[in-house]
Amino acid sequence: MTFAEWSFAPSQVIPVLALSILYWLRTRALAARGRPVPAGRRMSFYGGMLIGLISLVSPIDWLGENRLLWVHMLQHLLLGDLAPLLVVLGCTGAVLRPLLAIRWLRPARVLMHPLVALPLWSVDLCVWHLPFMYQAALAHSGVHALEHTCFAVAGAFMWAAVLEPLPGPAWFGNGWKALYTLAVRGVGTAVSNVFIWDQRVLYPHYVPLDRMAHVAPLTDQKIAGLIMFSEGGIVTMLAFAWLFLRYWQELEIRQRLIEADVDETAAARAARYRRSARVREVERQA
């Protein structure tokens, strides 16, 4: 690898830096008001931004466009799944409030609804991996930038429905979230299996490039599918473990609130979002 294979284009670096600075200013302001964002959340946000930036400026980007399909797939998973997951983990309602105060950004709340976020993410994933769309992104830098933006934004909304930085539908509890996560990975598995089992070369762009890298085009394609399948499986297992732990924590907090004469409905909602003084008091007593 050479330094020339690193690309620090302003169009890629500036948005990441701008969002990171805005986040830092907002969390600093909240801390000054006695409402600090936990360090774990802050590190998660910055980690997600860093992963997204590395996927765009490092040799991963150059190799993905000019050598190997599986590297391009890795870039998309970093940019469209792992980075959004960590960024959303770092957000809370208090952090997002200034953004939601902007009138034209208010409809974004609708895109976090699970019945909207799941179809949006699924269509985005499937459409951009259609051969003519994928080839168009490789051939035109503007289309490629749009593809990356769509992956990151759709991934953020998809994870926001599960992690709920803003309150979600009352019915969308941990059980539904588990099914939602399973549906997400079902779509991802279907797409990855096309790469693994299809005996046609889906993207002719990579045929001469694979020869330069001494890799058979179908082998490159299968590796891309296996990477997508494996990453989805690992993330799903971690998500299920998180939901399981969250379920038992919510159950314990809700029971303690009910014993403290809190209405059952109010106790369930307070335990789910952990935003009331009574919840913090119960957690300190636990």
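Residues are numbered from 1 along each chain as its sequence is written, and side-chain values rest on heavy atoms, with hydrogens and water left out. Because the model is predicted, local features need a pLDDT of at least 70 and side-chain atom pairs count only at pLDDT 80 or more, while totals for chains, interfaces and linings use all residues.

## The overall fold

The protein chain has 14 helices and zero strands, where helices (H or I, at least four residues) and strands (E, at least two) are DSSP runs numbered from the N terminus. The radius of gyration, which is taken over C-alpha atoms, is compared here with a globule rule of 2.2 Å times the number of residues to the power 0.38. For the protein chain the radius is 21 Å, close to the 19 Å that the rule gives for 286 residues, so the chain is as compact as a globular protein of that length. Along the principal axes, the C-alpha atoms fill a box of roughly 70 × 40 × 35 Å.

Of the 286 residues, 43% count as buried; buried means under 20% relative accessible area, exposed means over 50%, and partly exposed lies in between, with a 1.4 Å probe and protein chains only. Among contacts (heavy atoms within 4.5 Å) with a separation of 6 or more, 73% come from residues 24 or more positions apart.

## Helix 9 and the residue after it

Helix 9 has 23 residues and reaches 33 Å from its first C-alpha to its last, close to the 33 Å expected, the expected span being 1.5 Å times one less than the number of residues. Glu 164 follows helix 9 and has a positive phi, near 50°. This residue, Glu 164, lies in the loop between helix 9 (141-163) and helix 10 (174-197), and with a relative accessible area of 5% Glu 164 is buried. Its side chain is joined to that of Lys 177 by a polar contact of 2.9 Å; such a contact is a pair of N or O atoms within 3.5 Å, and within protein one must be able to donate a hydrogen and the other to accept it, while residues adjacent in sequence count only if both atoms are side-chain atoms.

## Cysteines without disulfides

The structure holds zero disulfides, a disulfide being a pair of cysteine sulfur atoms within 2.5 Å. The sulfur of Cys 91 is 19 Å from the closest cysteine sulfur, in Cys 150, which is too far for a bond. Cys 126 is in no disulfide either, since the nearest cysteine sulfur, that of Cys 150, is 14 Å away.

## Aromatic pairs

The structure holds eleven aromatic pairs. Rings of Phe, Tyr and Trp (its six-membered ring) pair if their centres lie within 6.5 Å, and planes under 30 degrees apart count as stacked, over 60 as edge-to-face and the rest as tilted. Two of the pairs are set out below.

| Pair | Centre distance | Plane angle | Type |
|---|---|---|---|
| Tyr 23 and Tyr 46 | 5.5 Å | 85° | edge-to-face |
| Phe 244 and Trp 248 | 6.2 Å | 75° | edge-to-face |

Tyr 23 lies in helix 1 (residues 10-32) and Tyr 46 in helix 2 (residues 39-57), so their pair ties together parts that are 23 residues apart in sequence. Tyr 23 is buried at 4% relative accessibility, whereas Tyr 46, at 24%, is partly exposed. Phe 244 and Trp 248 are four residues apart in helix 12 (residues 217-259), so about one helical turn separates them. Ring pairs also link Trp 171, Phe 172, Trp 176 and Tyr 180 into a cluster.
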